[in-house]
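Hi,

Here is the structure I promised to pass on.

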Amino acid sequence: MNDDEQRQGAHGEPDFEEQVRELLAEGAYTIHPSPAPYPAIRRRGVVERRRRVAAAGAVLATLAAMPVGAYALSGGGSGGGVATAPTPSVSATRAPSPTPSPTPSGPARPATEGQLLDGITFERAADGLEKCLAFKRSGAMAGDTDPGTPEDYKIILAMRSTGDSNTPGDGMYVVAVREKPAEIYLICNIKNGETQGVTGFGNDADVIPDEGPVLIDPNGGKLYQQSFLDRGNWKLPFRWGVIGTVKPSVAKVTVSYGDSSAEAALDDGRFVASGVLNEQVTLAPHVKGYDADGKLVYDSDEDKYYQRTLP
């Protein structure tokens, strides 16, 4: 048996390797490999990149919309993780937190802004009153009446105070009234943020049997006087004030003092007047009261309880 017969007998068919060689030889110049589909592959790559960028953008937008409280540092380490608590969607709305209503505190305001003088604000006057009450409370003796808290008072006058030889240095007067449990007037002098003295007194109308329609409070003399040691040599200009009470029939109160005059503010049954004096005086302020028709119903020159001359 020759070699060809041996190969065919062994495989039962023509030699496979030989057949492949013949085919390659025949189609060496006619078979060309198909070009790689580059454009299609590139398009698929671009689409894939865009899809990934869009997905990443959506994640970032979601993270930006999440509240800060949704994040928590884990274990205080350098790596932080997002809290696993559920987070609200971007479109979720939050109900506004209720704002607590302010609790009223401090003294009541005067009836008119004209009762706060010389650039003294209500806040500054209220702070002065609080210091005065603390000062009075710190020096209280056994049996003294508790002066109360600022909330118990109403400020009726605040003005600058002019120093004299007895109390040198300018400062501020704050006048306030407490109605309950008993009416009390408080006159406080403050200099350089420190309380210099506090005068407290009740309503003298209770002890005057024939009280007129206007009552000038004699305890308020320090508001319109300088020290008697400086008589005839007061420090000028001098800011003065006069306080008192009025009956409901009184519609207007005027005060003249040396070269100055003023119409008083009426504040819940009280009158408060103030002005600036530019000359030396020996007579106390002259006070007049009028009814709604303009009729004179009170003249301090005719008031037997009022001291017309200065000490």
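This is a predicted model: local features need pLDDT of at least 70, side-chain atom pairs count only at pLDDT 80 or more; totals for chains, interfaces and linings use all residues.

Residues are numbered from 1 along each chain as its sequence is written, and side-chain values use heavy atoms, with hydrogens and water left out.

Strand 5 (residues 184–191) has seven of its eight residues buried, so the rest of the structure largely encloses it. Buried here means under 20% relative accessible area, with exposed over 50% and partly exposed in between (1.4 Å probe, protein chains only). Strands (E, at least two residues) and helices (H or I, at least four) are DSSP runs, numbered from the N terminus. Strand 5 pairs in the antiparallel sense with strand 4 (residues 171–178) over seven bridges and with strand 6 (residues 194–202) over eight bridges; two strands pair if DSSP finds at least two bridges between them. A hairpin through five residues joins strand 4 to strand 5, and Arg 178 stands opposite Ile 184. On the other pairing, Ile 187 stands opposite Thr 199. The hairpin of strand 5 and strand 6 has two residues between the strands, and Asn 192 takes a positive phi near 55° there.

Now the charges. The structure holds 10 salt bridges, each a side-chain nitrogen of Lys or Arg within 4 Å of a carboxyl oxygen of Asp or Glu. Arg 270 and Glu 179 meet in one of them at 3.0 Å, N to O. That pair links distant parts of the chain, with Arg 270 in strand 12 (residues 270–277) and Glu 179 in the loop between strand 4 and strand 5, 91 residues apart. Arg 270 is buried at 3% relative accessible area, whereas Glu 179 is partly exposed at 44%. Asp 118, Arg 160 and Arg 239 are linked in a network of salt bridges.

Asp 299 is buried yet has no salt bridge, and the nearest side chain of opposite charge, Lys 288, is 4.7 Å away (Lys and Arg count as positive, Asp and Glu as negative; His and the chain ends are not counted). What joins the side chains of Asp 299 and His 286? A polar contact of 2.7 Å, the term covering N or O pairs within 3.5 Å where, within protein, one atom must be able to donate a hydrogen and the other to accept it, and residues adjacent in sequence count only if both atoms are side-chain atoms.

Cheers
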